[in-house]
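I opened the model to look up helix packing and contacts. My entries follow the structure.

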Amino acid sequence: MNQQERIITCEETFRRLEDYVDREISAEEMERVRQHLAACEGCAHEFHFQEQTLQALRNRLQRIAMPATLLSRISQALAQE
Amino acid sequence: MSENRQNQRETAQFEALLLPILPKAYGTAYHLTHSRDDAEDLIQEASLQAYRAFHTFQTGTNFQAWFFKILINLFRNHCRKRKREPEIAILDDAPDLYLYTQTAQTGLQKSHSNPVEVVLERMNEAHIRCAIAALPDEYQIVCILYFINELAYQEIADMVGVPVGTVRSRLHRGRKILQKSLWHVAEEEHLLPITKKLSYEGNPV
């Protein structure tokens with residue numbers, strides 16, 4: 001593949017936003033997006049914001065402490081089986 | 001080996017596999033049921049069902065995926081039985097980059113380096129619960145598995161029992177809806193930091 005074929009537009013890049021942030025596209029596609037982001041400040045800002053947003057959501061949703069008694073409750077239930 | 005000792009050994013094996021995944025299983029159950037009590041009940045029921053079916057689990061395969069399949073199926077049965085609370089409005093769509101646009105327009109992007117984190121830190125469990133509840137049930141399942149367990153699309157597809165393309169579309173759409181519902185909750189509860197309102201281009205309105 002030559003250099004010309006690898007260039008993708010802002011629109012094509014944006015279509016890959018969700019899959020890119022989740023690393024759910026091929027290594028070749030990842031590289032195409034990376035190249036576009038390196039050259040396009042606007043898209044890079046949006047992509048960075050989306051990654052930051054997903055990480056913030058992940059951190060917030062994962063902050064749920066399991067009750068200390070849950071394991072013993074399960075063990076007791078299993079013992080009665 | 002006596003039957004009793006065999007049972008004890010199986011129980012110990014089961015618990016050894018269950019213990020490391022229990023915190024994330026509980027987190028998943030909590031966000032699905034929106035209740036600590038219901039989450040505990042769901043995890044206990046899933047554990048019992050898994051224990052009863054433990055002879056069908058193939059050693060060396062993914063216990064977490066196997067257990068979460070049971071958990072999700074139980075939750076779906078629970079959904080079918082319960083009636084959704086009428087005050088919860090289900091959102092069916094949202095534009096791309098909703099939080100990006102909103103934080104730009106309200107000036108939060110100028111005043112904070114990580115505006116979404118700032119807003120999320122102001123939200124309590126009830127606010128988060130309310131925002132998640134705006135997602136349709138099947139979208140909630142996929143999004144919560146994604147956010148709590150950090151799984152690949154294929155792993156989620158295996159747990160939920162749908163094609164990977166369905167996971168992709170539900171997750172992408174669900175995340176958009178979640179962004180919109182989080183913003184709405186933050187607005188309604190007056191949780192947004194006060195800033196000078198800006199136009200999309202960043203000029204004062």
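Which residues in H9(B) meet which residues in H10(B)? I found Tyr153(B), Gln154(B), Ile156(B), Ala157(B) and Val160(B) in H9(B) against Val164(B), Val167(B) and Arg168(B) in H10(B); contact here is C-beta atoms, placed from the backbone, within 7 Å. By class, I noted six nonpolar residues, one polar and one charged (nonpolar: Ala, Val, Leu, Ile, Met, Phe, Trp, Tyr, Cys and Pro; charged: Asp, Glu, Lys and Arg; polar: the others, Gly among them).

Notes on provenance. This is a predicted model, in which local features need pLDDT of at least 70, side-chain atom pairs count only at pLDDT 80 or more, and totals for chains, interfaces and linings use all residues. Residues are numbered from 1 along each chain as its sequence is written, while chains are lettered from A and ligands numbered from 1 in the order in which they are written.

H9(B) and H10(B). I took helices as DSSP runs (H or I, at least four residues), numbered from the N terminus. H9(B), residues 153–160, packs with H10(B) at an angle of about 105°, their axes 8 Å apart. Axes are lines fitted to C-alpha atoms over the stretch in contact, and angles run from 0 to 180 degrees between N-to-C directions. The two helices H9(B) and H10(B) are therefore roughly perpendicular (65 to 115 degrees; under 35 is roughly parallel, over 145 roughly antiparallel, the rest oblique).

H7(B) and H10(B). I read an angle of about 135° and axes 8 Å apart, so this pair, H7(B) and H10(B), is oblique. The residues that meet are His127(B), Cys130(B), Ala131(B) and Ile132(B) in H7(B) and Leu178(B), Ser181(B), Leu182(B) and Val185(B) in H10(B). The classes in this contact are six nonpolar, two polar and no charged.

Burial in H7(B). Its buried residues are Ile128(B), Cys130(B), Ala131(B) and Ile132(B) (buried: 20 or more other C-beta atoms within 10 Å of its own; exposed: 12 or fewer; partly exposed in between; C-beta atoms placed from the backbone). I found them packed against H5 (41–61) of chain A and against H1 (3–33), H8 (137–149) and H10 (164–188) of chain B.

Contact between chains A and B. I have 24 residues from chain A and 28 residues from chain B. On the side of chain A that touches chain B, H5(A) gives the largest share, 10 residues. That side of chain A divides into 12 nonpolar, five polar and seven charged residues.

Technical notes. Two residues are in contact if their C-beta atoms, placed from the backbone, lie within 7 Å.
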